[in-house]
Amino acid sequence: MATKHPHQDADPVASPPPPPSRRPRGFASASASSRAPARRSGEREKERTKLRERHRRSITSRMLAGLRQHGNFPLPARADMNDVLAALARAAGWTVHPDGTTFRSSSLSQPLLPPPAQFGAFQAASVETPAFTSHLNSYVIGTPLDSQVSGLLTDDSLSLSPSSLDSVVVAEQSIKNENYGNSSSANSLSCMDSHQLMRASAVWAGDYTRTPYIPVYASLSMGIINNYCQLVDPEAVRTELRHLKSLNVDGVVVDCWWGIVEAWTPQKYEWSGYRDLFGIIKEFKLKVQVVLSFHGSGECGSGDVLISLPRWVMEIAQENQDIFFTDRVGRRNTECLSWGIDKERVLRGRTGIEVYFDFMRSFHMEFRSLSEEGLISAIEIGLGASGELRYPSCPEKMGWRYPGIGEFQCYDRYMQKNLRQAAFTRGHLFWARGPDNAGYYNSRSHETGFFCDGGDYDSYYGRFFLNWYSGILIDHVDQVLSLATLAFDGAVIMVKIPSMYWWYRTASHAAELTAGYYNPTNRDGYSPVFKMLKKHSVILKVVCYGPEYKVQENNEAFADPEGLTWQVMNAAWDQGLSISVESALPCLDNEMYPLILDTAKPRNDPDRHHVSFFAYRQQNPFLLQGNVCFSELETFVKCMHGEATQNFVD
């Protein structure tokens, strides 16, 4: 009788019959009878899960932003909850290793020493108060660092607010980071540099003496030069400069308008008015920051001057309106030229980039001697609407009013051609279009299908379009600055970026997206721009807003100017950029001075960052008010120069 191999298939005849099928019961029966509805329910649940996850990420992003802004926690740009826990643990006095090992800082050092008598009644207070500063100084002199930290981080200190906790942490880090090696009496504040101690105590007390010197510039009104490039009233200019000199400002900001200098004929430049103006400024030994303005202005200066683009450009536009930025319904914005013609020879045989370069080169040849003498300290290049690096997404003459989200400006012939090429390269030619659900100039984020939470801005098409849209901005700044560096040959160059702070506390950041900054909550839209600015070694100019722009409860615009300024300045410093600050309004508000000082000279910054320049807008009515705000502004300038204490009278 033959034997079977263990792995040989069994004889089908001899195989036992299969067990009878059992009727499903309970939940299994219900599932079998309703599989299609269950699948649909599962899909809906997946969508709800996605929405919950997006909401969770949005909340996490705001929490991280708050910790960075208000607590100065050193969180990386892409921080996760592990980073947050580690930062909080370190703030509470724990040691956290990269592998996650966590223990109290004192567990591997000498035993805890009892705190001195003056710390017996220690109260939870920020080290920024003078009382606590005196306790800190009396305690740490000659005391080992381990004992200092243990005494500072008592159980009571764990109940401090994040800002107060951060003050303690910064005080601890400032002691430890002086590279003194071990825990001995040498590791004390008495061995720190005297200048560092004086500077730290000055900032804590609101005293800005011995802080970095920040030059202060005042913007001159644009009406001092008329449309024929003539200086309107030299004596009025002298009066204004005399007033500024009495305030001890370092210089003035002067706009040089493309529409005035090259107004009538291509490549024929008229600089006579600016030559006279610079000569008067030189008499007062003030410096000049020049703004090369390649845009028009609908505002009127003191001479009722309406500044437009050059006349010959407007003549070209009569036959080819696609040289201007265009919105979705075909309306043209004549404030500045479209970036779509940067490489198109549509301006009497020149491209847009060549027109800008010829203007910059003409300025340099005309005023080279003033630059060599040091009269011209910096040159700001206008790169878009209002001289800022942005699309003209919020034009008031098109009906836009705050806090509208604005509209994408990519519908001229040349931008559409570029979009089609990008879509073809990507392999999705049907993406060669602008969003059709992005609303209008005065829409709100939640009213649109593109910008609402979970909207199309985060879809495959939305990410493609926004990457292309912001990429055009980055390409434009790269080309212009490449030629600016060549034209000015070593001069200090500045670029101004906008502050699109409304809708910043939403997931999409709609106002920033339409302006060309791809900066939703799940993406850093400023670092790519700043990397390009760093490539050309320029100074970044940011706008600072007054207290009236602070976030209010139930703010329908979800605005956060402070949060945006914090993100921009830290992203710039991370890229190694220098920063200058410009006030959005004339410096007439006493509440605005401390805000600007805190922005220009951040407190408790372990890297001791500060801005390079400060410029404020000035209006002629201010000059006519005499000494009404003279003393406050004079004190503010002295604080910027590191020569006075902060003492503003309401």
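User: Which residues are linked with Glu380 in a network of salt bridges?

Analyst: Happy to start there, keeping in mind that this is a predicted model, where local features need pLDDT of at least 70, side-chain atom pairs count only at pLDDT 80 or more, and totals for chains, interfaces and linings use all residues. Residues are numbered from 1 along each chain as its sequence is written, and side-chain values use heavy atoms, without hydrogens and water. A salt bridge here is a side-chain nitrogen of Lys or Arg within 4 Å of a carboxyl oxygen of Asp or Glu. Linked with Glu380 in this network are Glu388, Arg390, Lys496, Lys541, Glu582 and Arg617.

User: Is Glu380 buried or exposed?

Analyst: Good one! Buried means under 20% relative accessible area, exposed over 50%, and partly exposed in between (1.4 Å probe, protein chains only). Because its relative accessibility is 4%, Glu380 counts as buried.

User: How far apart in sequence are the parts that Lys541 and Glu582 tie together?

Analyst: These two form a salt bridge with their closest N and O atoms 3.5 Å apart. Strands are DSSP runs of E, at least two residues, numbered from the N terminus. Lys541 lies in strand 10 and Glu582 in strand 11, so the parts tied together are separated in sequence by 41 residues.

User: Which residue meets Glu388 in a salt bridge?

Analyst: Glu388 is buried, at 11% relative accessible area. Its side chain meets its partner at 3.9 Å, N to O. That partner is buried too, with 7%, and its name is Lys496.

How values were computed. Helices (H or I, at least four residues) and strands (E, at least two) are DSSP runs, numbered from the N terminus.
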